[in-house]
Amino acid sequence: MLAFPDGFLWGAATAAHQVEGNNVNSDWWVKEHTPGTPIVEPSGDAADSYHRYREDMQLLAEAGLNSYRFSVEWARIEPERAFVSQASLDHYRRMIDTCLELGLEPVVTLMHFTVPRWMHDAGFWRNADAPQLFARYTETVLPILDGVRYVCTINEPNIAAMLAGGEKAENLVANGLPNPDLGVAETLLAAHRASREVLASADGIRTGWTVATQDFVATGEPGSEEMLHEYGYPRDDWYLEQAAGDDFVGVQAYTRTFIGPHGPLPVADGVETTLTGWEYFPQAAADGVRSAWEKSGHTPILVTENGIATDDDARRIDYLDASLRHLHAAIADGVDVRGYLHWSALDNYEWASGFRPTFGLIAWDRQTFRRTPKPSLAWLGEVARCNALSE
């Protein structure tokens, strides 16, 4: 057996806007409903997990998983500047309590891309007050975090900075991402550090941000190594370096992108791709944790997202199996990995791509919201129960 460390977290992840439904006070809701938007469809009711979270958690726990990562929604908690919804805070406290009741370690994300409309209208992450506003939001959430050991401050700040950088904002992870806005990157870092300072006032909370490790690979052509650094450093490596000294860093990995002397290359003809058009590459998570371990100066790691968009669940299991074997090899080489959280628990709203890319371990009916666990959930649950893979 290929055993994983004692206490290893085995779980699945979601994000509020992608599963809750009717997040009407968020900036992304505005984007979805703006005439001429490149977003293919609005999130609408999404998976109605705002009301069905207990059922979702029960399915994960009954399968054998021991952790659930979810985000609290800033736009619900502070729908207007300085106005706090106590009912929303109570809702997320109930989610934490339900996790603990069911034996699921809650991994809570404070900001998973979306912000309140007022925050966006005030300048978004270009607002000089943004770090202070995020710290104040963290202070608002802090009282409900009793019993939570892992808090992710900001989800994928590297993607957030790229989305702020210009065109192609609908293409979240692929070759040809826009240039990152370096000012936004610095503001996000300041917000992350201000949030960590607030969270440090509570006993037992470990904090970090999560980075979309892109697994950029030089083709070996003359000039490709130089371009790898020029293209990859401000989109990936810099964020891992900034995690030095944090309690952990989240690695979110799906695929790889080759970098030639002139920049990123599209997926080659004949290579297997997923529903998002990304290369099928289950080594991505292991490559991501090795890179994070090196560049952060040996900060402990959680794999906070890893998965595949496919309507062939057998192929999802193949990907999972290969991904975890590569991850086990990285752990055996000395990388301190504390857990694996699959993306995603549910088929969900995949931003500009709508509902078509299915990443979930659980399917659901868009009319009735009836949940249907996939074989991949049972497969991952059995690995979690054993805390090991068969050799």
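Helix α7 passes helix α9 in a right-handed crossing. Right-handed here means that the near helix is turned clockwise from the far one by less than a right angle. This is a predicted model: local features need pLDDT of at least 70, side-chain atom pairs count only at pLDDT 80 or more, and totals for chains, interfaces and linings use all residues. Residues are numbered from 1 along each chain as its sequence is written, and side-chain values use heavy atoms, with hydrogens and water left out.

Back to the two helices. α7 covers residues 130-141 and α9 covers 182-199. Helices are DSSP runs of H or I, at least four residues; strands are runs of E, at least two; both are numbered from the N terminus. The axes lie 8 Å apart, at an angle of about 30 degrees. Axes are lines fitted to C-alpha atoms, for helices over the stretch in contact, and angles run from 0 to 180 degrees between N-to-C directions. α7 and α9 are therefore roughly parallel, a label for angles under 35 degrees.

Who touches whom? From α7 come Ala130, Pro131, Phe134, Ala135, Thr138 and Glu139. From α9 come Thr187, Ala190, Ala191, Ala194, Ser195, Val198 and Leu199. Contact means heavy atoms within 4.5 Å. By class, the contact of α7 with α9 has 9 nonpolar, 3 polar and 1 charged residues.

Next, strand β8, residues 249-253. Is β8 buried or exposed? 5 of its 5 residues are buried, meaning under 20% relative accessible area with a 1.4 Å probe, protein chains only. In a regular strand, side chains alternate between the two faces of the sheet. In β8, both faces are covered. Val249, Val251 and Ala253 sit on one side, Gly250 and Gln252 on the other.

Which strands pair with β8? One is β6, residues 206-212, parallel over 3 bridges. Thr210 has Gly250 of β8 as its bridge partner. Another is β11, residues 301-306, parallel to β8 and joined by 5 bridges. There, Val251 has Val303 as its partner. Strands pair if DSSP finds at least two bridges between them.

Last, an open sheet. It has 3 strands in the order β7-β9-β10, with mixed pairing. The edge strands are β7 (216-218) and β10 (263-264), each pairing on one side only. Helix α10, residues 224-232, packs on this sheet and touches β7, β9 and β10. The direction of α10 makes about 160 degrees with that of β7. β7 pairs with β9, residues 257-260, in the parallel sense over 3 bridges. Phe216 stands opposite Thr257 in β9.

Notes
Parallel < 35°, antiparallel > 145°, perpendicular 65-115°, else oblique. Nonpolar A, V, L, I, M, F, W, Y, C, P; charged D, E, K, R; others polar. Buried < 20%, exposed > 50% of the residue type's maximum accessible area, 1.4 Å probe, protein only.
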